[in-house]
Amino acid sequence: MPDDRIFITRSHIIPEAIAYLDGIYDIEVWQQNSPPPRTLMLEKAQECDALLTEVTDIIDAELLDSATSLKVVANRAVGLDNIDIPAATRNGILIGNTPGVLHESCADFTFGLILSLARNIAYGERRIRAGEWKVFDQIPYLGTDVHGATLGIIGMGLIGTAVARRARAFDMRIVYHSRSRKPEIENELGAEWRDDMDSVLSEADYVSLHMPLTPETEFMIGKRELDLMQPTAFLINTTRGRTVNPRELYDALAGGVIAGAAIDVTDPEPIPIDDPLLSLDNLLITPHIASASRQTVRRMGQMSAANIIAALNGEPMPGCVNPQALGKK
């Protein structure tokens, strides 16, 4: 209905999608780059028919239980760790995400991290800007080959599979562990299944994490898991910060338990400037931008808008994670 109200929690990320929704519905947009305050989120959840949210917006049971008018929350992300799905379903509130849109961009970025970490690209660039390149001497920047190495993938979903395809172009051996075995990926890419994560950690030269953040995967990588890795191995995390214990990652990097790590996500996020991880030269860190290509962000916005329009029109949503909520409200 044209008089449905939508609250959008950022103004600068998806302007095309916002403009499209504005032509159909009564929309209100939070104009700051930071998340709306909690009190405002609670208020808008009670007043509006739909919310278009980011992964840093907390949509918990308290908010969902009080949202008497809310019909749909469209999260501009694949991950849903910021939303209490059972509470949404209980309250008849549909939850949308953006699957099948960002995996190629995330895989590009993941491989960029692998190459930059292995060959000291970012480290070398930092040294030049710091005025430390005073003589031609490659020895301080010696890296590790990627071609022919073993890549371990934990979580062989769309992103993990896209990373594996890129690894084949580098003649990498691929070992993986996932919630379900993927025979079709094994046949296509020669990937080797391991029935436990420990085997992947101990075999791989590069371990790339691609599992969702759930209660089961929270801090799944800690001291025990890092100790299983080879001292010449690297860890890459583009999932969520809370899949890796940050203090134990610091200890492993500082103590030479592993050779290095590249992380696009942190806990907390943003990472404080005085965090000890930032003192390490063998850590490459980026500001949660694996999906941040112009094309992908635009498509994510379009899919989020399409999720809202479909839900408010009583039609199937392009990306709905709890269709069983339909008709409960």
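A cavity is here a set of points, on a 1 Å grid over the protein atoms alone, where a 1.4 Å probe fits but cannot get out, and lining residues have an atom within 4 Å of a point. The structure is a predicted model, in which local features need pLDDT of at least 70 and side-chain atom pairs count only at pLDDT 80 or more, whereas totals for chains, interfaces and linings use all residues. Residues are numbered from 1 along each chain as its sequence is written, and side-chain values use heavy atoms, with hydrogens and water left out.

The volume of the largest cavity is about 80 Å³, and the structure holds one cavity of 30 Å³ or more. Its lining comprises seven nonpolar, three polar and two charged residues.

Strands are DSSP runs of E of at least two residues, and helices are runs of H or I of at least four, numbered from the N terminus. Most peptide bonds are trans, and most residues other than glycine have a negative phi.

Positive phi values occur at Asn120, near 60°, and at Asp171, near 55°. Asn120 lies between α5 (103–118) and α6 (121–129) in a loop, while Asp171 occupies the loop between α7 (158–169) and β7 (173–177). Asp171 is exposed, at 57% relative accessibility; exposed denotes over 50% relative accessible area, buried under 20%, and partly exposed in between (1.4 Å probe, protein chains only).

Thr150, in strand β6 (residues 150–154), is buried with a relative accessible area of 9%. Beyond its neighbours within four places in sequence, Thr150 is in contact (heavy atoms within 4.5 Å) with residues including Met172, Arg173, Val175 and Tyr206. The side chains of Thr150 and Arg173 form a polar contact of 3.4 Å, that is, a pair of N or O atoms within 3.5 Å, one able to donate a hydrogen and the other to accept it; residues adjacent in sequence count only if both atoms are side-chain atoms.

The disulfide count is zero, a disulfide being a pair of cysteine sulfur atoms within 2.5 Å. The sulfur of Cys48 is too far for a bond because the closest cysteine sulfur, in Cys320, is 19 Å away.

Technical notes. 1 Å grid on protein atoms, 1.4 Å probe; cavity = no way out; pocket = protein on both sides within 12 Å on 5 of 7 lines; lining within 4 Å. Points joined across faces, edges and corners; volume = space filled by probe spheres on them. Nonpolar A, V, L, I, M, F, W, Y, C, P; charged D, E, K, R; others polar.
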